[in-house]
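Here are my notes for when you next have the model open.

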Amino acid sequence: MKKIFSKFLPAAICCLLAASVMAQPGSTPASTEITVVGVGTILANDLAAARDQAIEDAMRKAVQQALGTYVKSETLVENFQLVDDRILSWSAGYVKKYDILREGRAPMDSYEVEMRATVNLSELRNDDDALAALLERENPRVMVMIAEQNIGETNRFYYFEVDLTAAETAIIEVFRNKGFEVVDQTQAKENQQRDVILSALEGNSKAAAAIAASQQAELIVTGKAVAKVATGVKILEASGMKSCQANITARLISADDARIIATASASAPQAHIDEVTGGTLAIQKAAKKCADELVAKITAATQQKFYNQTTVNLRVQGYQDYRELQKFAEILKYYMRGVKGVFQRSSAGGYANLDVKIIGSAQQLARELANKNLAPFKVQVTNATANRVDVKIANVSATTPAAADTAGVQ
């Protein structure tokens, strides 16, 4: 493999230098021509399969190069896996046309294709903007409101007498250290009615969501922390120390729909000669543990949302019989990288409804179907909405002899 890389690296560098922009200097290009080299592996002497693999590899490299050169590079670098799944899986959809400049067997049982591809930058930018918006939404602003009852404290309205409780201070520190933007809750204390805030602190999710929304926060952490003096610790009692114990429960709520995203609870002990100070320190320790748990849960939930599959309804017409429909579904499943599953829901009257599980959007699926070589089927996209794509397919091999693929001009 090292030999292959050493052989192709100079060519790849030359290809980078060979990229040319189809636009006037200073203007925003709508498309760009990029020359790249794709490589496929020859298995069981199947040159056709290796050639298809090399073409797909070349298109993917062309789109990747266009992303790095003309689109937000920070998105590409910081979230490469996400970009890989949501954009690069649909490379054929961004390549308007391509010409094969050179192809043939290469060393180490590989097949090499040199391609000049025209990449549609407008659609690439649109999808990158959508991706950036998704990332921005998943880096939410957080507000923290935790009621606190320290040892000896009985005032129900103590929460309104301090700027920040010890629990809030500890939780805010954890969230900020993890990169979250934290919204100051003091404005909410000044602007919201006390009974609304107390209701949120007692567990009313709708009240908490309303408070967060009013302060432009996407998430809010609410809960309560209580500290008590533990009894029966004779060693500490003999030394004059107090054994303080703190417990905290918290919930993370979405401001959009008042949905509880995560819950956490924690406890912590603290020995101190002064029970109020000991109670404060115990609350801080418990609050940090609680915040760590919340951050872990929201991170896991965010990652799951990033990589959640989308279901697109694919309405198919033009197939001759059930066997041909199944063959088309198999091609979708195994030859389109962004497709994770295909499930037939119905077929009648010459129309079939397939549920296609993808990581991406219906628009990306539509573009890929319109541009990708899915031989022996020729695919015509007749309609595309947010959740549905209509296609008309024709089995070319059933009517005409298969022609050699020398270019991907659409």
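Is E103 buried, partly exposed or exposed? E103 comes out as partly exposed, at 34% relative accessibility (buried is under 20% relative accessible area, exposed over 50%, partly exposed in between, with a 1.4 Å probe and protein chains only).

1. Ground rules. This is a predicted model, so local features need pLDDT of at least 70 and side-chain atom pairs count only at pLDDT 80 or more, while totals for chains, interfaces and linings use all residues. Residues are numbered from 1 along each chain as its sequence is written, and side-chain values use heavy atoms, with hydrogens and water left out.

2. E103 and its partner. E103 forms a salt bridge with R51, with the closest N and O atoms 2.6 Å apart (a salt bridge is a side-chain nitrogen of Lys or Arg within 4 Å of a carboxyl oxygen of Asp or Glu). This pair links distant parts of the chain, as E103 is in strand β3 (residues 95-106) and R51 in helix α2 (residues 47-70), 52 residues apart. Helices (H or I, at least four residues) and strands (E, at least two) are DSSP runs, numbered from the N terminus. R51 counts as buried, at 13% relative accessibility.

3. R102 and E112. These two side chains also meet in a salt bridge, 2.6 Å from N to O. R102 lies in strand β3 and E112 in strand β4 (residues 110-120), so the pair ties together parts ten residues apart in sequence. R102 is partly exposed at 37%, whereas E112 is buried at 7%.

4. R388 and D390. Here the salt bridge spans 2.8 Å, N to O. R388 is partly exposed at 32%, and D390 is buried at 12%. Across the whole structure, the search finds ten salt bridges.

5. The five-stranded sheet. It's an open sheet in the order β11-β12-β10-β14-β13, with mixed pairing (two strands pair if DSSP finds at least two bridges between them). β11 (339-348) and β13 (377-384) stand at the edges with a single partner strand each, so one side of each has no neighbour in the sheet. Strands β10 (residues 310-317) and β14 (residues 388-395) run parallel, joined by five bridges. Within that pairing, V316 has V391 in β14 as its bridge partner.
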